[in-house]
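Thank you for coming; I would like to walk slowly through one structure with you today. Please have a look at it first, and then we will begin with a question.

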Amino acid sequence: MMARGVSRWWANCPLATKGLVVVAVPLLIFLGSVAALYTISRMEARAEQDVRLTIAIQNDVNEVHALLAEASSGVRGYLLTGEPRFLEPYERAERVVPQVTERLRGSIRDKEAAVHLTRIEVLASQKREGLSLLLAARERTGADIVGDPAIAAGLAANKQVLDALRGEIESMQDRERELLAARQERLDGVRLNGLIATGLLTLAGLVGSLFAVFLFSSGIVRRVQRLESDAVLLAQGEALDEREAGRDEIGLLAVRMIEASALLRAREQALREGEERFRLVIEGVRDYGIFALDPDGHVVSWNNGAERIKGWTSEEILGRHFSTFYPGDDAHARSMRNLADAVRGGRTEDEGWRVRKDGTLFWANVVITALRDEAGALRGFSKVTRDITERRRAQEALEHARQEAEQASTAKSLFLSRMSHELRTPLNAILGFAQLLELDHSGRGKTDAASIDQILRAGRHLLALIDEVLDIARIEAGKLAMDIVPVALGETIDEAVGLSLLEAESHGITIRHDVGPMAPVAADRRRLLQVLLNLLSNAIKYNRRGGEVVIGAHVASDRARVEVVDSGIGVDPGQAGDLFQPFTRLAAGAARTEGTGLGLSLSRTLIEAMGGAIGYAPRADHREGACFWFELPLTAPSALPDLLPARAPLPSHTATRPLTILVVEDNLANAQLIEALAARHWPEARIVNAMQARLGLDLALRHRPDLVLLDLHLPDMDGDWVLRELGASFPDLPVILLTADALAAQSDWAAHGASAVLTKPIDVPALLEAVEQALMERTA
Amino acid sequence: MTRPRKPSDARILAIDDEPANLALVEAVLMREGYRHFEALSEPRLATERHLAFRPDLVLLDLMMPSVDGYALLDSLGRLTSEGDLVPIMVLTADTSIEAKRRALALGARDIVTKPFDVFEFALRVANLIELRLMFQRLAHQNREP
C-alpha cells in the first residue's frame, strides 16, 4: 500500500523533481560518508592524543623521579664533600619539579593518576624539605657529618621519602601504563570502527547510486522506452491500451498519445463506417447498375443494380471486360471508344442498346466517368447504367400519341377548312341567286319578295354560323394565332360603340360609355373588338325598346374589367350558367331575336385565349337588366409573363453596374409596355424614361445607358436629331429606333448609327430580339 | 382588237367545278350586260380553253377536286405574254388570310370570297375589265404613235 503510494507519487513527480532526486541520492550518501569519515578521524586523533598524553605523563613522572633522585644523590655528595658543585641537581630539582608537577596537574585527567600525583607532589615536597634540612644540618655541622644524628636521621627520612616516592611513582607509572594500554586498545577499536564505517559508507554509496539508477530507469527511461514503442504502435495504426501513466511530462505525453490513438481509432471507425455505408448504398442501389472498371475496361466492382439489370452476378463478371455488355460484332471497338471519350472529356454519356447475360437487349443510359488520383493518373472508370427501356417505350408511345394527336388535329383543321368550303360553295349559289331574285322581284308578288327575303336571311345566318363555328374550332385547335399587344381599351370601346350605334338607333337604344384611365390591356385588338361588338349587340338586341346600354371599364387589381349593362329583362338565374354554352339562347328572347347562338360561346373562347375571363352577373343596382363582364390582363409586369415565353437573361456586360436602358418615348402606353417587358425579362436592368428628346439626351449623359430605345417622333425635337447627338457623344451606344411610320422605317437608319428599326405597334418578340442582339454586339 | 372596245365586249372565262356557281356568275354577268362569257366546269381543260377563248378576264375557283387551284393560277398567269395583261380574279370559299396572300402573290388581281355579294362582285369585275381595257388602249397607243 505504502509502496504503491510512493511509486505513484514518484510517477507523478515532475521530471525536474525526478532529476533532482536521482542526483541528490548519491550526493547525500557521499556527504554522509565524508561526515562519518571526519568523525572517525576526529575520534582517532583524540585517542592518539590520549596515548601521547599518557606517554608524556609517564615521561614527566620519570623526570620528577629522576630529578629528585639526582637531587638526592647530589645532596649526599655535597654532604660528603661539601662541594657546592654537587648541589646543582638539587637546585635544578627545586626549580623544575614544581614546573613539571604543575604541567602534570594540567594534563592528568584520570582520577586515580591524579591521586597518585597528589601523593607524589606531597612526597616530592617532603623530599625537597628533607634535602633542605640536610643541607641546613650540613651548614651547621660542617664537614664532619659522619655520626651526626641529625644528618643520619635526615638521610634516613630522605631515604624513606624517596622510597615512598619511588613506590608512588612506580604505581603511578603502572596506572599510566594501564591507561596507555586501555587507550591504545581504544584507539585500535576506533581504527577498526573507522574501517568498518568506511566500508559500510562505500557500500551505502554504491547502493544509493544503484537506487538512483533504478529510480531513473523506472521513472524515466522505461517509460520513455514504452512511449517510443507506443509511438511505433501509433505509427502502425495499432490501438494503444488505456493505462495509468502518471502526471509528469512523460505521463502527459503518454496520455496525449493514448488520446491521439483513441481519436485515430474513432476516425478510422467513422471512416470504416462511412465506407461501409457507402458500399452498402452503392451495393444496395437496385435501379442503377453502378460498377467500376480498371483502366483497361475490366470490371472490378459490381452492385445489386448491375446484377439486376444485366443478369450477371459479381462472381461471374469481376475481371471480365465490359465490352461483354455491348451487342454486335464491334462491341470491343465501341466500348473502347466510349472509354476513350471518357478519358478525353472526363465523362461520357451514351444511350443505346446493351445486352444482358441471357442475350436479351435493353435500352440503356450509360455514364462513364474517368477516375483519376490526385496526381491526375488514370485509375479506372466508374460506370452508371440505367435500364430505360420502359422510358424509351413510354417516350415512343408518347411520341406516337403526339403524332397521332397532331395528325388528328391536322385532320380536324383540314376537315374544318373543307367543311367551310363545302358549305360556302352551295351557299354562294343560294345567296347569289336570291340576291338576283331580290333585284328583279319588281313585277312579282309580295309573297315572292318575302320568300326571297327569308332565303337571304336564312343563308346569311348560316354563313354567320359557319364563320363562328370555324372560329371556335380554330381557337380550340390552337390554330387561331392571337396577336397579343398592348391595346388601349378606351379607344377600342369607343370604336365598338361607334360601330354599334346604327343598330342601337334602329332599336331606339342609347349607349353610354364610361372608361377610366388605365394601362393598356394585353389583347388581340381585332378579337377584343369582336367580343365588344358581340356583347354590345346582345345588349341592344335583348333590351327593351327605348332602353339604354352602359359600357364601363375600370381597373380591378392587375386586370381591366369591362362591364356591359343593359336595361332589358335580364337573365333567369337558373339559366345564367348555360349562357356561354353554344346554341344557348334566352328562352324569352329566342322568338324575337336573331343570332347564331354562338356569340357568347365564341366571346368566352376568345377572352380565355387572351388570358382573360368572362361572365354574367345581375345588375349591381338590382334594376332590371343584365350585366355581362370580362376581364383582361393589364400590361403590367405581373400580367405579361403568362402570355410571353420566358427568355434567357441578358448578356451581362459589367458586374459593377446594373444594365441601364434609356427609353425616349412620348407614348405612355408604349413606355409602359417596354417597362413591363423589361421587368419581366431583364429584372436586373434599370429603365430610365424620357418623354422628350432634350430630356432624353440629358438622361443619356447622366446615366450613360447601355442601350437606348428611341421614338422617332417626339414632341420637342425629331428622333433623328437625338440619334445624331447620341452618336456624337457615345459612338458605341446601341440605339433601337421605334416608329409608327412604316415609310420612315424604310430609310437607311443603320447609316445614321441605329442598331435596329422597329415599327409600331411594337411586336414584342421582335423588340426582345433587337434588344438582346444589340447588347450582345455591344458586349462582343 | 384595234378598234376601241366597250366593257360589254369583254370576254370572260369562268372556271369552277360547281355548276351552280357558274350559273350564278353567268346570271350576274349577263345581268350586267356582258355578252362574251364562257363557263368551264372541267378545270383540266382550262389552259386549252384559255388559249382558244382568249379571255379579257379569268374568274377562277381555287378549291377544286381535280386540280391544284394555285398551280392552275400560276400556269394561267404564264399564258399571258410579256407586256400583256389578262387579270385573273380568284373566287374562293377559303376565307383564310393565307389563301388570300398566296393567291395574290401568284398573280391574282383580285380575290372574292364565297359566298359573295353580287353587287360587290359585279363592281370588282367591272374594275378589272376597265383595267384590262385601259391597258390595251395604252399598248395600242404605244404601238401606233
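Which residues have the most contacts inside the largest nonpolar core? Before I answer, please keep in mind that this is a predicted model, in which local features need pLDDT of at least 70 and side-chain atom pairs count only at pLDDT 80 or more, while totals for chains, interfaces and linings use all residues. Residues are numbered from 1 along each chain as its sequence is written, and chains are lettered from A, and ligands numbered from 1, in the order in which they are written.

Now to the core, by which I mean a set of buried Ala, Val, Leu, Ile, Met, Phe, Trp, Tyr and Cys residues joined through C-beta atoms within 7 Å, where buried says that 20 or more other C-beta atoms, placed from the backbone, lie within 10 Å of a residue's own. The largest one has 40 residues, and those with the most contacts inside it are Val521(A), Ala523(A), Leu536(A), Val549(A) and Val564(A). Its largest share, 7 residues, comes from α13(A); helices here are DSSP runs of H or I with at least four residues, strands are runs of E with at least two, and both are numbered from the N terminus.

If we take Ala523(A) and leave aside its neighbours within four places in sequence, it is in contact with Ile484(A), Val487(A), Leu528(A), Met610(A) and Leu632(A), contact being C-beta atoms, placed from the backbone, that lie within 7 Å.

Next comes a sheet in chain A, an open one of 5 strands in the order β6-β8-β9-β11-β10, with mixed pairing, where two strands pair if DSSP finds at least two bridges between them. Because β6 (510-515) and β10 (613-618) of chain A stand at the edges with a single partner strand each, one side of each is left without a neighbour in the sheet. The partner β11 (residues 626-633) runs antiparallel to β10(A) and is joined to it by 6 bridges, with Pro618(A) opposite Ala626(A).

Finally, let us turn to the two chains. Chain A has 20 helices and 16 strands, and 28% of its 780 residues count as buried, whereas chain B has 5 helices and 5 strands, with buried residues making up 37% of its 145. Where they meet, 15 residues of chain A are in contact with 15 residues of chain B, and on the side of chain A helix α10 (residues 389-439) gives the most, with 14 residues.

Conventions: Contact = placed C-beta atoms within 7 Å. Buried ≥ 20, exposed ≤ 12 C-beta atoms within 10 Å, placed from the backbone.
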